[in-house]
Amino acid sequence: MEYTNEYYRQAFKTAITDLHTLLEGVDDPTFSTAPAPGKWCIGEIISHLNITAERYLKIMEAALNDDSLPKKNNSKPYTHPIHIRLFIKVVSPEYKRKTPTVESFEPVSIQQIQSEQLVNDFEAYQNRFLALIEKADNKDLHLGKIKVRNPVVNFIKMSLSACFAINEAHQRRHFDQIKNILHSSK
């Protein structure tokens with residue numbers, strides 16, 4: 001996988017379409033009923049993705065407000081250090097082991113879930129990711145050299161490119177989870 005601004009742009013645009021495709025024809029009980037005890041329902045999965053996006057976007061947007069950011073000097077794909085590559089792998093759909101969620105990233109309770117609002121919020125977060133990519137392109141910024149603190153583990157610094165990669169992989173993982181729920185409910 002080559003991490004470039006164009007890769008991220010396509011991934012976040014596609015996420016909107018993919019979510020709508022996944023949810024086509026899904027009724028409220030399917031959306032808000034856990035497939036098994038201790039498992040998240042579709043609404044909770046989307047809530048979790050929204051919470052994650054909000055936490056990352058908060059630090060990413062703040063970082064791109066600095067006027068003295070490093071510029072790109074080449075068009076090579078972004079690379080990430082080994083510990084970030086491992087983290088991306090763990091949150092991706094290719095990683096088959098169950099991964100516990102940090103408490104602050106837990107979804108809202110099922111009683112607070114409104115499907116239309118969750119989907120609208122999801123789209124808004126994708127559009128914020130896209131706006132950041134556009135801003136980086138317009139200012140010719142190097143997303144691999146702009147560092148922020150990880151919103152989960154504050155002492156870990158990571159690049160904005162890594163933030164995009166983590167969110168993109170994480171969304172694909174949970175879309176697979178939604179697909180599994182829908183497949184098992186047939």
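This is a predicted model: local features need pLDDT of at least 70, side-chain atom pairs count only at pLDDT 80 or more; totals for chains, interfaces and linings use all residues.
Modeller: Residues are numbered from 1 along each chain as its sequence is written. Local features need pLDDT of at least 70, side-chain atom pairs count only at pLDDT 80 or more, totals for chains, interfaces and linings use all residues, and side-chain values use heavy atoms, with hydrogens and water left out.

Biologist: At what angle do the axes of α1 and α6 cross?

Modeller: Axes are lines fitted to C-alpha atoms, for helices over the stretch in contact, and angles run from 0 to 180 degrees between N-to-C directions. Here the axes of α1 (residues 5–23) and α6 come within 11 Å and cross at roughly 20 degrees, which means that α1 is roughly parallel to α6 (under 35 degrees; over 145 is roughly antiparallel, 65 to 115 roughly perpendicular, the rest oblique).

Biologist: Which residues make the contact?

Modeller: Contact means heavy atoms within 4.5 Å. Those involved include Phe12 and Ala15 of α1 and Gln171 and Phe175 of α6.

Biologist: Is glutamine 171 buried or exposed?

Modeller: Buried means under 20% relative accessible area, exposed over 50%, and partly exposed in between, using a 1.4 Å probe and protein chains only. Glutamine 171, which lies in helix α6 (residues 160–184), has a relative accessible area of 4% and is therefore buried. Leaving aside neighbours within four places in sequence, glutamine 171 is in contact with Phe12, Ala15, Leu49, Phe122, Gln126 and Phe129.

Methods. Helices (H or I, at least four residues) and strands (E, at least two) are DSSP runs, numbered from the N terminus.
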